Amino acid sequence: MANAWKIARKSNAQLPLVIVIALAVVLVLLGKAQIGLFDGARAHATDLMAPMLEKMRAPVAGFDRWIGSIGEIFSVYEQNLKLKEENARLRQWRNVAITLQGRVNRYQALLHAVPDPQMNRVLARVIGRASRPFLQTMILDAGRGHKVLPGQAVMDARGMIGRIYLTGQRTSWVILLTDLNSRIPVTIAPRNVQAMMTGDNSATPVLNLMSHTVTLHAGEQVTSSGDGGLLPAGLPLGTVVSDGAGGWRVSLLADAAASQDVEILNFSKPPEAPPPTAQLPAEAAGLKPQAPPPPQTAAAAPTPVVAPSKPKPAAPAAPAAPASDEDEDR
Amino acid sequence: MASLERTTVPPRFRYLIATIPALCGLLGAFIANIPISVMGGLVPAPLLALVPVYFWCLVRPDLMTPAVALMIGMAEDVLSGGPPGIWTLAFVLTYALVARQRDSFAGLASFAAVLGFATAAAFACAVAYFSVAGLAFLTPGASLPPVPPILGELAMTVLFYPPGTLAVGWLHHKLVGASRGDV
């Protein structure tokens, strides 16, 4: 083969090479200025590949599971015992969580708390995964046709996996929390420490604290803070772990490598509406509700000003009493 | 060396055969970037598209031109999903290196040939890494990309070079080489 290569002709295209190198440099700079330069082509290519990926999904997932289970064969019995014990503990915690959720709902009603934003969920299937040096992503079988939009959070049963960053008509790409380009504002419970969780292509993203005076403890819970309004607050992310060098990282709850079905959260903050009269704290305490304000018309405007000083307006108060009874009955 | 002799390839097929190096590069980019992980994401995909670029840059630079290398690099960029232009620049600069040192690379055989390709692949990965690092340096708050993933990609690329070069070598001897000088 060496002889065959020796007789190869020399290229006489030196000038195009210089031009092509210049073009490549321009492309890199254009990509820096406009990060979504190839997004349309990527989304189109993924849409085209989607049927093939869906067909290959089952055998590849089976092979993947088989490879992953080789090392676990010898510890099945111990794992089974451990899982049973963990399951029993989790059932206890589930009951506690249900009780506490009910209490939180009652407190929210009493305190006129702003209700949590409504979230639509789209269930999607993972049809592809890619782990490249500069990108860790997964591909879902839901796209713009299913009202999936860039920025939406992707969750599995345990916690958040990542965010949608590119959508085709039938597919979408997820940027994982571990990816180099992922940055999520987070809150660390129980002291509500604010931090930024930054991916670095390792399994445990880095925590960059907003304040340098706070100290963290391993095992504290990390959730999304909702800052910026892009993600809902309170999405479970993981627990704090030490990196051994004085810094802190997050051990993620979700396992992006094993997730097969995920939820895409369509989060949008609803405008704050005035609550119905029956939910006001005064009524909840058994007090008489205020009479509703009269309509704002030019002719009737002076009337409410003088109404309290006259004894006659007691008559309109009569119909208000049954109304309050009705409210209390409700 | 019968394959290097002028043969009577029908004229209508000559231009079709001339596209084989480019098609092989595009096919390599496509196969390597099928988003399927068979090892739980532990093993990165190799740069399969670099094998035909390297091979035909040495053997038939008239067919593997800088423009073709640019096109294959762009395909790798589109399909891999990384920052735009990174692999385009890496492929074109690697092409320039191999074209400049063609005599040195072409004289290598057996294990030394693998080492020669490993050098070219290491250069491509280094260009890609430092390009991304440069972009990260220009972006406030961005961190440098970790080194182990790109080393893993390099190792997988070198590992896939022997079977890859066997495949493109077979195509070259059966189709491309036979039309040497005719195109």
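These legends walk through close-up views of a predicted model.

In this predicted model, local features need pLDDT of at least 70 and side-chain atom pairs count only at pLDDT 80 or more, while totals for chains, interfaces and linings use all residues. Residues are numbered from 1 along each chain as its sequence is written, chains are lettered from A in the order in which they are written, and side-chain values use heavy atoms, with hydrogens and water left out.

**View 1. Chain B meets chain A.** Here 68 residues of chain B touch 54 residues of chain A (contact: heavy atoms within 4.5 Å). Together the two chains bury about 5,000 Å², with 71% coming from carbon and sulfur atoms (buried area: accessible area, 1.4 Å probe, lost on being put together, summed over both parts). Look for Pro35(B), Val78(B) and Pro84(B), which supply 14% of the area that chain B buries against chain A, more than any other three residues.

View 2. The side chains of Arg132(A) and Glu153(B) pair up at 2.7 Å, N to O. This is a salt bridge (a side-chain nitrogen of Lys or Arg within 4 Å of a carboxyl oxygen of Asp or Glu), and the rule finds two across this interface.

**View 3. The barrel of chain A.** Six strands close into a barrel in the order E1-E2-E5-E4-E3-E12, with antiparallel pairing (strands: DSSP runs of E, at least two residues, numbered from the N terminus; pairing: at least two DSSP bridges). Four bridges join E2 (residues 135–140) to E5 (residues 172–176) in chain A; Trp173(A) in E5(A) is the bridge partner of Ile139(A).
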